[in-house]
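User: I would like to learn how to read the strands, helices and core of a model like this one. Could you take me through them step by step?

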Amino acid sequence: MEGGVEAYLATPAEENAHKGIGILFAPEAMGIYPNSQLLADSFAAKGYTTLIPDVFNGDAVPINKFANIDLMSWLTKGSDGMNPHTIEQVDPIIVAGIKALRELGIHRVGGVGYCFGAKYVLRHFKNGIEVGFIAHPSFVEEDELAALSGPLSIAAAETDPIFPVKMRQKSEEILIKTGQPYQINLFSGVEHGFGIRGDPAVKIEKFAKEQAFNQAIAWFDEFLLKA
């Protein structure tokens, strides 16, 4: 990608590809790792060219350290204390990712955001994202949601301290005022992160993760593919 940013690209089989339509995948704190890569591959299997840019410039949180990391310190300072992962650093990478998709012949871009990445899907409708799907969003500001200019689908967890009940309800109020098509699905028995880190060995988590993915595909098929 432009500027030497690493990325993971998942491409559909030629006979299955939705020509000119693709997805910018904004990842959670673990960045490009097997879970996000497998999801990108799944979107590609449904016909959508999918790009995950390394929004953390090689400083994603290792999955085996996530439970013990000081997340706010990592966000504001980076692992080395000198390279933060804030709007000023991440926004240009998302813009570069959208540009990279354009250079691949993608003229209609959908945005997928998990956790950390959800904020950046919302922020970049202004730069070419036309339809969005976000799961258990983190750190989304009310004005970012209010500025929505296209259809948005949200998959939420019953237990989520970052996107709790009051915030879900407020989000619904804001989405109504945008006048855009929206959907909020609430999954019982799961916690923040289920859409990408749901345990396949736990029946309810496996079901919720799979249904959240199906939710995203149905949304893109309706509002990105058919438009």
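**Reading the sheet and its surroundings**

Analyst: In strand β3, Thr49 is the bridge partner of Gly22. From β2 the chain passes through helix α1 (residues 34–45) to β3, a right-handed β-α-β crossover, where right-handed means that, with the strands pointing away from the viewer, the path from the first strand over the helix to the second runs clockwise. Helices (H or I, at least four residues) and strands (E, at least two) are DSSP runs, numbered from the N terminus. This is a predicted model, in which local features need pLDDT of at least 70 and side-chain atom pairs count only at pLDDT 80 or more, while totals for chains, interfaces and linings use all residues. Residues are numbered from 1 along each chain as its sequence is written, and side-chain values use heavy atoms, with hydrogens and water left out.

User: In what order do the seven strands of the open sheet lie?

Analyst: Two strands pair if DSSP finds at least two bridges between them, and here the order is β1-β3-β2-β4-β5-β6-β7, with mixed pairing. Because β1 (7–10) and β7 (182–191) each have a single partner strand, they stand at the edges and one side of each lacks a neighbour in the sheet. From one strand to the next the twist averages 20°, with axes taken as lines fitted to C-alpha atoms, for helices over the stretch in contact, and angles running from 0 to 180 degrees between N-to-C directions.

User: How should I read the two faces of β2?

Analyst: In a regular strand the side chains alternate between the two faces of the sheet. In β2, Ile21, Ile23 and Phe25 point one way, Gly22, Leu24 and Ala26 point the other way, and all are buried, buried being under 20% relative accessible area, exposed over 50% and partly exposed in between (1.4 Å probe, protein chains only). Since six of the six residues of β2 are buried, this strand is largely enclosed by the rest of the structure. β2 runs parallel to β4 and is joined to it by six bridges, with Leu24 opposite Gly111, and three bridges join β2 to β3, also in parallel.

User: What does the length of helix α3 show, and which elements do its buried residues pack against?

Analyst: At 1.5 Å times one less than its number of residues, the 17 residues of α3 (residues 87–103) should span 24 Å, and the end C-alpha atoms are 24 Å apart, which agrees. An α-helix has 3.6 residues a turn, so residues three or four places apart point the same way. Among the buried residues of α3 are Val90, Ile94, Ile98 and Leu101. The buried residues of this helix pack against β2 (21–26), β3 (49–53), β4, α4 (116–123) and β5, contact meaning heavy atoms within 4.5 Å.

User: Which residues touch the most other members of the largest nonpolar core?

Analyst: A nonpolar core is a set of buried Ala, Val, Leu, Ile, Met, Phe, Trp, Tyr and Cys residues joined through side-chain atoms within 4.5 Å. Of its 65 residues, Phe25, Phe43, Tyr114, Phe133 and Phe220 touch the most other members, and helix α8 (residues 203–225) gives the most to this core, with eight residues. Leaving aside neighbours within four places in sequence, the contacts of Phe133 include Tyr114, Leu152, Ala212 and Phe220. Phe133 also stands opposite Val112, where β4 (residues 108–114) and β5 (residues 129–135) pair in the parallel sense over six bridges.
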